[in-house]
Amino acid sequence: MMLTHAFYLDLCLQCAWKEQLKTLPNPAVAALVLDKNGMILSLESHKECGKPHAEVLALQKAYAALSGNNAILSLKDSEAIHSYLLKNAIPTFKDITLYVTLEPCSSNKKGKTPSCAALLKALKPKCVVIGAQDCNESAKGGAQELLDSGIIVLKAWEVESLQECHQKAKALLLPFRALQTQGKFMLFKYASRLDGSIDGGQISTKGAQSLMHDYRTKADVLLISGESVRADNPRLDTRFATLAQRNPNVAILTHQKDFPKTAPLFTIPNRKVEILHSLEQVESLRGFIFCEGGARFFNALQNFIDLVLVILNPSLKKDSNLRMSLDASFHLLHSAQIAEDIFLWLAKNKFIFWDITKRAK
């Protein structure tokens, strides 16, 4: 049975990674509901901060499947879904098993959405299987609440055969945990072709570009080098985002004291653009810091970076003059295909980026 638990938790983890960063400052979370016969009724993920949590969405869809009543599916507000389930779904869920990557938020939680633990205590599912503990002081403790209410709770961190699932669930939470414990989370992103080339215009597909703009909408600061600004003359906006467009503040790290403010990024409304001249100023940045740049920029920032996202496009460029060469050790947290691109989410163990190399034509 424990292998079955690992299988369903892994399905949840794969689902949650699709929303990584888009839920910030909330964690990426997914939940799955099984009926008494082991049939999957729902698999859902949290989409954005302020919107229904994964457990609520999974229970919403599962109730429609069990009851044959789809009226609940028209509800979008978390409180409305909670209220509908509390009014109509008892004891619909008495034989179901709920899998969730993160401990349901406790009754003590204060925020934009109601407590998932409080809802589950009322609905009384047969069993809840949890991938990781919540590190948020105001929301943790939901697992114990469920146990105290008589619900069977399996905590992956306490089950030997689920330790790999637990580690993966913790890895999923890296951005959230960094924000909770450090007050900041720094992601470094770069895209390249199969041969490592990074010049010659747009590298990744439109689907990947749109997703990057979604990530930008959640960033507090978009950090870029002065060299990149001079070379690319970028806008650094969110025009291709599928989420509500919000242009992040920009910080430019440069040695140039009189840095020219001629790039289009300076004309984007509702944002602050700051010129930084030292790593001490970088260290003082807070929130989600989204870094885009090349080898020299990474080398300067490597002590501050929490996570690296490599976007690998399945193409080659024989006449490339610019490549990202590296001698590094990575821990692969997750990989996924987005359109034609491969996304590699990497935690750093040791990073040494060599500078860009120019090849003679």
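A search of the whole structure finds 0 disulfides, a disulfide being a pair of cysteine sulfur atoms within 2.5 Å. In general terms, a disulfide is a covalent bond between the sulfur atoms of two cysteines. Cys 116 is in no disulfide, and its nearest cysteine sulfur, which belongs to Cys 105, is 3.8 Å away. At 1% relative accessibility, Cys 116 counts as buried. Here, buried means under 20% relative accessible area, exposed means over 50%, and partly exposed lies in between (1.4 Å probe, protein chains only). Cys 135 is likewise in no disulfide; for this residue the nearest cysteine sulfur, again that of Cys 105, is 13 Å away. Cys 135 is partly exposed, with a relative accessible area of 21%.

A word on the basis of these values: this is a predicted model, in which local features need pLDDT of at least 70 and side-chain atom pairs count only at pLDDT 80 or more, while totals for chains, interfaces and linings use all residues. Residues are numbered from 1 along each chain as its sequence is written, and side-chain values use heavy atoms, with hydrogens and water left out.

Cys 116 also takes part in a helix pair. The axes of helix H2 (residues 54-67) and helix H4 (residues 116-123) come within 9 Å and cross at roughly 35 degrees. Helices (H or I, at least four residues) and strands (E, at least two) are DSSP runs, numbered from the N terminus. The axes are lines fitted to C-alpha atoms, for helices over the stretch in contact, and angles run from 0 to 180 degrees between N-to-C directions. Glu 55, Val 56 and Leu 59 of H2 meet Cys 116, Leu 119, Leu 120 and Leu 123 of H4, where contact means heavy atoms within 4.5 Å. By class, this contact has 6 nonpolar, no polar and 1 charged residues. In this count Ala, Val, Leu, Ile, Met, Phe, Trp, Tyr, Cys and Pro are nonpolar, Asp, Glu, Lys and Arg are charged, and the others, Gly among them, are polar.

Next comes the interior. A nonpolar core is a set of buried Ala, Val, Leu, Ile, Met, Phe, Trp, Tyr and Cys residues joined through side-chain atoms within 4.5 Å. The largest has 93 residues, and those touching the most other members are Leu 85, Phe 93, Phe 185, Leu 187, Tyr 215, Phe 343 and Trp 345. Helix H1 (residues 2-17) gives this core its largest share, 8 residues. Another core, of 20 residues, lies apart from it and includes Val 221, Val 282, Leu 285 and Phe 304. Leaving out residues up to four places away in sequence, Phe 343 touches, among others, Ala 208, Leu 211, Met 212 and Tyr 215. Gln 209 sits in helix H8 (residues 206-218) and is buried, with a relative accessible area of 12%.

Most residues other than glycine have a negative phi, and most peptide bonds are trans. A cis peptide bond joins Leu 24 and Pro 25, with omega about 10 degrees, and Pro 25 is in the loop between H1 and strand E1 (30-34). Another cis bond joins Ile 90 and Pro 91, with omega about 5 degrees. Leu 21, found in the loop between H1 and E1, has a positive phi near 75 degrees and is buried at 0% relative accessible area. Ala 339 has a positive phi of about 55 degrees but is partly exposed, at 44%.
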